[in-house]
Amino acid sequence: MSEHILFLTGKLAEKQLHQILEKMQPEFTYTVHQLGIKVAALMTTDMICRRLKETYQADRMILPGRCRGDLDKVIQQFGLPVERGPDELKDLPLFFGKEAHKPDLSDYRVKIFAEIVDAPNVSVEEVVERAHYYRRHGADVIDIGCLPGTPFPHMEAIIRTLKQEGFTVSIDSLEADDLLRGGKAGADFMLSLHEGTLWVADEVETTPILIPEIHEDLASLDRAIETLQAKNRVFLVDPILDPLHFGFTQSVVRYHQVRQKYPDIEIMMGVGNITELTHADTVGMNALLLGICSELDINAILATEVSKHACRAVKEADLARRIMHAAKQNNMLPKHIDSGLMALHETSPFPYTLDEIKELAGEITDPSYRIQTSREGLHIFNRDGFHSATDPFDLYPKLGVENDGGHAFYLGVELARAEIAWQLGKRFNQDEALSWGCATDLSEPTVDLHSFKPAGTTLKKN
């Protein structure tokens, strides 16, 4: 017997909800109940408890996505599962598609080594502060970078302090003396040893990351691998990722060759040579690089945030590794798993057509302005008129807010957001900041939908 779902909605959305459900042709049966409120987004759980008189023999109840209040009250009163649907009705098909399969993003395979590249020039306290920042963004190992020819008297103090703070630590240098000092101070990993410096691994228990003695010389890497395998030592291998136009494609080939020859060894990839040395948004680069890591079972990366444009590289890599792992585990493409890597564009930026927006506008009977976007541009409307433009300045003379500074300011902010969203192909929701995925930190307080959302600008009174 199929599931029967009760959808609660408002007057303005009722017709459209019926149309969408009919087009979906879902396997479940359903009842659409209009709760006697015009705008579905203004529905509250207290209102539902007061107004809903029957549940139409439903097995489950779906509320509007922006419905405020505590779902437990509704569950307790009506005795059936209750959940919020998507914010936009047009997302219902995707909502039920995701419901059928929600990949787990809590798991991952790739460890992120986040490098503090200028550690010799900063204090112990500042290193610890950066380490906490990297850990918040997903780093598993804090990499302490040494600088050639630069004294590093407080290296041991940094490593010991980080270890006391509960961090896993790596020391990063091509100088054997630095690596030896770091290992004796308690570093968990050391980057990087080659065939000529393998003796350091005999002096400390620190896990080495191996590189070719001469760039691109995989034969020397083979010999270093064989030496440590003979000693039954744990190690990682890094064939070295080169920048674009300086050997990038061939270096990817090297990673593939190493994996083919050694199916079971642990490999590291230093992604910073691409993210730092390419002036393009790092979100896409991290997605592709972590996809390569997933395919080749590369389970460690070295990430940096030196260049200003790479200021979210660790956070992006964290989400990318989780998405790629989920896609691999579920034998699926890395699509519709999580939208956090889509900073500039979205899969469905314009949920409503111009005709649908005009149809909604025709039902508005109050003076409050609504703003929506379609492929054609920006649209602002109330009971007194419908106006469209691609430049918000063209709309100002038509809005009648010349003598209402607060209202004019509010509409200016919202129309500017709408313009940015329209230009980039992003989703615009009035009274909500644009979403930039993991490329930014949230600038607005996170709102728990189980409580009431703070009043938006249009609801506040001076």
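Predicted model: local features only at pLDDT ≥ 70, side-chain atom pairs only at ≥ 80, totals over all residues.
**Notebook: a barrel, an open sheet and a cis peptide**

I began with contacts in the protein chain (contact means heavy atoms within 4.5 Å): among those between residues at least 6 apart in sequence, 60% join residues at least 24 apart. Residues are numbered from 1 along each chain as its sequence is written, and side-chain values use heavy atoms, with hydrogens and water left out.

**Overall counts**

I looked up the elements next: the protein chain has 15 helices and 15 strands. These are DSSP runs numbered from the N terminus, with helices being H or I of at least four residues and strands E of at least two. The C-alpha trace spans about 80 × 60 × 40 Å along its principal axes. Of the 462 residues, 50% count as buried; buried means under 20% relative accessible area, exposed over 50%, and partly exposed in between, with a 1.4 Å probe and protein chains only.

**The barrel**

I traced a closed barrel of 8 strands, in the order β5-β6-β7-β8-β9-β10-β11-β12, with parallel pairing. Two strands pair if DSSP finds at least two bridges between them. Methionine 269 has isoleucine 301 in β12 as its bridge partner.

Then I turned to the helices on this part. Helix α6 (residues 155–164) lies across β6 (141–145) and β7 (168–172), at about 160° to β7. Helix α7 (residues 176–185) lies across β7 and β8 and runs at about 165° to β8. For these angles, axes are lines fitted to C-alpha atoms, for helices over the stretch in contact, and the angles run from 0 to 180 degrees between N-to-C directions.

How much of α7 is buried? I found 7 of its 10 residues buried, so α7 is largely enclosed by the rest of the structure. The buried ones are Ala176, Asp178, Leu179, Leu180, Gly182, Gly183 and Ala185. Their cover includes α6, β7, β8 and α8 (199–203). Just after α7, I noted glycine 186 with a positive phi of about 115°.

**Serine 192**

I stopped at the peptide bond from leucine 191 to serine 192, which is cis, with omega near 0°. For background, most peptide bonds are trans. Serine 192 sits in strand β8 (residues 189–193). Buried or exposed? Serine 192 is buried, with a relative accessible area of 10%. Beyond its neighbours within four places in sequence, serine 192 contacts Ser173, Leu174, Leu179, Thr197, Ile209 and Ile211.

**α5 against α6**

I compared the axes of helix α5 (residues 124–136) and α6: they come within 10 Å and cross at roughly 40°. That makes α5 oblique to α6; angles under 35 degrees count as roughly parallel, over 145 as roughly antiparallel, 65 to 115 as roughly perpendicular and the rest as oblique. The contact is made by Val124, Val127, Val128 and Ala131 of α5 and by Ala157, Ile158, Thr161 and Leu162 of α6.

**The open sheet**

I also followed an open sheet of 4 strands, ordered β2-β1-β3-β4, with parallel pairing. β2 (29–34) and β4 (82–84) are at the edges with a single partner strand each, so one side of each has no neighbour in the sheet. Neighbouring strands are turned by 25° against each other on average, direction ignored. Strand β1 (residues 4–9) is joined to β2 by 6 bridges, and leucine 8 stands opposite histidine 33 in β2. Helix α1 (residues 11–24) packs on the sheet, touching β1 and β2, and its direction makes about 170° with that of β2. Helix α3 (residues 71–78) packs on the sheet too, touching β3 (60–63) and β4, at about 150° to β4.

**Two positive phi values**

Last, I looked at two loop residues. Glutamine 57 has phi near 55°, positive in a residue other than glycine, and is found in the loop between α2 (45–51) and β3. Glutamine 57 is exposed at 76% relative accessible area. Asparagine 331 has phi near 50° and is found in the loop between α13 (313–329) and α14 (354–361). Asparagine 331 counts as exposed, at 74% relative accessibility.
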